[in-house]
Amino acid sequence: MRSTLTVAFLLLTGCGDSGPSSPQGGAPADTFPPRDTITITIEGLPPMNAAPGNPLTLQGIALGKRLFFDPLLSLDSTLSCAGCHKPEFAFGDSAIITPGVDGALGARNSPPIINAGWSDLLFWDGRGLSLEDQIVGPVMDVEEMNLPWDEAVARVQAHDEYPELFGRAFGSTRVTESRIRMAIAQFERTLISFESKYDKWKRFEVELTESERRGHDLFFSEQAECFHCHGVNDLLTDDDFHSIGLENPLVDRGRGAVTGNPLEDGLFKSPTLRNIGVTAPYMHDGRFATLDEVIEHYRSGGVRGPNVDALIPTGVGFDLSDQDVEDLIAFLHTLTDSSFLTNPAHRP
């Protein structure tokens, strides 16, 4: 599997132009040059989810990156999107719960942003219907950036440089909530990670150690069962929702709170395991500090409760020796993509 266009290349090279768009106020569209559209293709994967009305362009991605790292979008101008989604942690965070403005705390760990352009639903509970939709909540959430959208738009419109950048990206200097969200979503679609040791091994470029290979075989075996949720494709997530017996009674309804369906209470989205070695702490609430703790949960079988996945042997646990655990962790570390974590195209 090889990306036909790497992220660094995407940010430098266009493959067409989108032409001018109809202006929505601000400068006329024809005062800005045509935008450079791009297409992301990854061998072995279907196309990214469609984003009607929001094609990827070099100008839109550049604007989105600047907005992603700009604390202007928070009430006191101290917290940006990157404050909770840091590049060095695969666009997640090392805190159990990342404090919002004025130290406000929510209830969930910041999920990493990796290959999100292929995700059908966003957030731990799947309430985000697209990347554009996902951006709505954090800006105005009192536990996060706590800035009303109308004020966010006014701030960006009054900025010395942003109107020109919006003109380049959208053909008009008018700033709108929709355009802010569209630009950030474009940038997030470029956060692509397929250059780990595991990927290189699959391409016959490197060898795994004996421990890593044993861990790989366990991962894709019925003994450990990991692959059912995390190995069905090269995204290393089934993009679905599961309960793995973390708690009973439930503190967080998860997916059930979104759908209102009690059969989905306690279900949370399977995260990708790409870069899992740098995205601690783990689970929706950050309860596990290490991969050892995660695997020990599965070895113990967790707790019986409503809607626990049938693959989880609650009260019994998976039959994994200490050597098995060591090998599984060795394999999981092969999923780290150092080039993704250090890519200058992902930095302000």
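Before the details, a word on conventions: residues are numbered from 1 along each chain as its sequence is written, and side-chain values use heavy atoms, with hydrogens and water left out. Since we are looking at a predicted model, local features need pLDDT of at least 70 and side-chain atom pairs count only at pLDDT 80 or more, while totals for chains, interfaces and linings use all residues.

Let me start with the domains, whose bounds come from an automatic or database domain assignment. That assignment gives domain 1 (58–192) and domain 2 (197–342), and their C-alpha centres lie 27 Å apart. Contact, meaning heavy atoms within 4.5 Å, takes 29 residues from domain 1 and 23 residues from domain 2.

The size of an interface is often given as the accessible area lost when the parts come together. Here domain 1 and domain 2 bury about 2,000 Å² between them, with 59% of it on carbon and sulfur atoms; this buried area is the accessible area (1.4 Å probe) that two parts lose on being put together, summed over both.

How many salt bridges are counted between domain 1 and domain 2? The count is one, where a salt bridge is a side-chain nitrogen of Lys or Arg within 4 Å of a carboxyl oxygen of Asp or Glu. In the model, D252 forms a salt bridge with R108, and the closest N and O atoms are 2.8 Å apart.

Now to the cavity, which on a 1 Å grid over the protein atoms alone is a set of points where a 1.4 Å probe fits but cannot get out, its lining residues having an atom within 4 Å of a point. Grid points are joined across faces, edges and corners, and a volume is the space filled by probe spheres set on the points. By this rule there is one cavity of 30 Å³ or more, and the largest cavity has a volume of about 800 Å³. Its lining holds 41 residues, and H230, I244, M283, V294 and Y298 lie nearest its centre.

Finally, some backbone details. A cis peptide bond joins N248 and P249, with omega about 10°, and P249 is found in the loop between β1 (241–242) and α11 (255–259). Another cis peptide bond joins A280 and P281, with omega about 0°, and P281 is found in the loop between β2 and α12.

Technical notes: 1 Å grid on protein atoms, 1.4 Å probe; cavity = no way out; pocket = protein on both sides within 12 Å on 5 of 7 lines; lining within 4 Å. Helix = DSSP H or I, 4+ residues; strand = E, 2+ residues; numbered from the N terminus.
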